[in-house]
Amino acid sequence: MKPVDFELHRPATTAEAVALLAEHAPEAKVLAGGQSLLPLLNFRLARPEHLVDLGRIAALAELRRTRDELVVGAMVRQARAERSPAVAADAPLLAAAFPNIAHPPIRNRGTVGGSLAHADPAAELPAVARALDAVLVAAGPAGRREIAARDFFQANLMTVLEADELLVEIRFPRAAPGTGASFQEVGRRSGDFALVGVAAQVTVRDGVVEEARVCVTGVAPTPHRAAEAEEPLTGRPLTEARLAAAADALRAAIDPSGDLHAPGEYRRDVAGTLAVRAVAQAHRRATEHAAAAA
Amino acid sequence: MGSRHEIEIVVNGEPRRCGTAARTSLADLLRDTLGLTGTHLGCEHGVCGACTVLLDGEPVRSCIVLAVQADGHAVTTIEGAGGPDGGLSPVQEAFCDAHASQCGYCTSGMVLATQALLEERPRPTRAEIDEALGGNICRCTGYVQIREAVERAAEGSGAR
């Protein structure tokens with residue numbers, strides 16, 4: 001249970017990190033918080049010759065707001081973002097997701113960018129990024145590029161990031177007044193990876209659901225953005241019948257595979273149930289938020 | 001060949017300077033290089049919580065933190081949990097009083113996770129205790145006495 005020998009690089013700037021990746025790709029891996037990578041190294045499932053540690057790059061650990069966006073540096077630790085009032089106010093869905101990620105000691109080290117770049121099909125943050133239409137900013141030898149969350153995730157543990165590219169920040173649109181969110185997850189034990197998880201964010205105006213965003217993790221190789229569930233909820237008041245219709249539409253749209261933890265049929269059914277709970281809770285919070293703002 | 005690094009860490013209040021291979025975990029540095037064998041290794045892939053230490057006061061799993069990642073930071077191990085005279089900390093006393101330790105393998109991680117919890121929340125709810133210790137696995141005592149120990153330690157800290 002020890003990693004193979006590797007050369008560790010500790011750049012002080014993003015430019016240095018990109019240069020190191022360009023020099024050593026594809027034998028180099030990026031080390032962010034290490035909470036997924038180090039277990040892989042310990043098992044020797046990954047045997048990179050070079051690791052580029054981002055821990056010294058202060059610019060990657062910035063958390064800031066612009067007029068329209070909450071900008072989270074790739075190296076912002078999950079525990080820090082979880083406690084951030086700015087995250088709670090501007091990206092309530094992101095805030096709601098964190099308690100579902102593993103256990104507190106993992107979130108003390110794990111980073112927002114690391115989870116997104118790792119792209120585990122049962123992880124929470126990819127579903128949040130996809131639900132909120134976040135923009136992921138990558139730095140490479142040719143400069144920076146912005147990638148829409150819908151284009152970022154390609155397959156199980158695969159993203160569009162090139163071997164010499166680095167995820168540097170994630171831009172989340174700031175939530176409108178009257179917005180509430182919820183993240184509902186079922187796992188075998190608290191802290192385990194999700195069998196299924198549902199991210200929902202709802203914006204309410206004058207009693208009508210102005211916008212509903214629903215994304216499901218654990219049912220496909222990449223997060224499933226549930227447009228089929230959002231559509232029957234949008235532009236009208238929320239009712240139990242509409243919630244049920246959304247859940248049915250979601251169940252019909254997915255085809256999760258089974259494994260030794262749960263059959264696909266179970267995941268399909270639970271996804272609908274969790275969607276009902278998540279949307280209902282997000283709607284309650286949105287209504288409270290709208291009332292508090294009025 | 002892997003790289004080697006000179007690192008400086010403050011371990012239990014004492015500044016230490018040591019050389020380490022890049023691949024060495026913080027747990028192995030503590031145990032093998034510094035001789036602090038109170039940090040126990042269970043699963044070595046970040047699941048069991050036995051190797052929990054405090055990094056700048058926050059609980060982390062030292063088997064999935066590289067020693068080099070602790071460079072410039074402060075680490076508290078179970079050897080640093082008690083008083084300088086070797087006396088037990090209030091949390092350790094509470095673990096003894098509640099019979100919350102049996103084989104002892106998970107105990108150092110449990111005690112340090114509890115210490116960090118009580119620093120942040122001196123009077124935690126049961127749900128907060130379960131959340132804080134949920135990632136620490138115990139295979140013999142069971143969790144009832146461990147939870148009771150945390151509650152006793154919290155009561156003790158309130159009385160002081």
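**Close-up views of a predicted two-chain model**

**View 1. Helix H1 of chain B and its cover.** Strand E2 (14-21) of chain B is among the elements that cover the buried residues of H1(B). The helix spans residues 26-33, and its buried residues include Leu26(B), Ala27(B), Asp28(B), Leu29(B) and Leu30(B). Just beyond the helix, Gly35(B) adopts a positive phi of about 75°. As in every view here, the model shown is predicted.

**View 2. The domains of chain A.** The domain assignment divides chain A into domain 1 (7-53), domain 2 (58-173) and domain 3 (179-293). The centres of domain 1 and domain 3 of chain A, taken over C-alpha atoms, are separated by 35 Å.

**View 3. A parallel strand pair in chain A.** Strand E2 (residues 28-31) of chain A is covered on both faces. Ala28(A) and Val30(A) are buried on one side, while Lys29(A) and Leu31(A) are buried on the other. E2(A) runs parallel to strand E3 (residues 50-53) of chain A, and four bridges join the two. Within this pairing, Val30(A) has Val52(A) of E3(A) as its bridge partner.

**View 4. The five-stranded sheet of chain A.** Strands of a sheet pair through backbone hydrogen bonds, either parallel or antiparallel. In this open sheet the pairing is antiparallel, and the five strands of chain A follow the order E4-E5-E10-E6-E7. Strand E4 (63-65) and strand E7 (143-148) of chain A each have a single partner strand, so one side of each is left without a neighbour in the sheet. On average, neighbouring strands of the sheet are turned by 20° against each other, direction ignored.

**View 5. Strand E6 of chain A and its surroundings.** Strand E6 (residues 135-140) of chain A is joined to E7(A) by six bridges, and the two strands run antiparallel. Ala139(A) is paired by a bridge with Arg144(A) in E7(A). Helix H1 (residues 14-24) of chain A lies across E6 and strand E10 (166-173) of chain A, and this helix runs at about 130° to E10(A).

**View 6. The contact between chains A and B.** Chain B contributes 24 residues to the contact and chain A contributes 24 residues. On the side of chain B that touches chain A, strand E4 (58-61) and helix H4 (126-133) of chain B each supply at least two residues. E4(B) gives the most to this side, with four residues. By class, this side of chain B has nine nonpolar, ten polar and five charged residues.

Terms used. Residues are numbered from 1 along each chain as its sequence is written. Chains are lettered from A and ligands numbered from 1 in the order in which they are written. This is a predicted model: local features need pLDDT of at least 70, side-chain atom pairs count only at pLDDT 80 or more; totals for chains, interfaces and linings use all residues. A residue is buried if 20 or more other C-beta atoms lie within 10 Å of its own, exposed if 12 or fewer, and partly exposed in between; C-beta atoms are placed from the backbone. Two residues are in contact if their C-beta atoms, placed from the backbone, lie within 7 Å. Domain bounds come from an automatic or database domain assignment. Two strands pair if DSSP finds at least two bridges between them. Axes are lines fitted to C-alpha atoms, for helices over the stretch in contact, and angles run from 0 to 180 degrees between N-to-C directions. Ala, Val, Leu, Ile, Met, Phe, Trp, Tyr, Cys and Pro count as nonpolar, Asp, Glu, Lys and Arg as charged, and the others, Gly among them, as polar.
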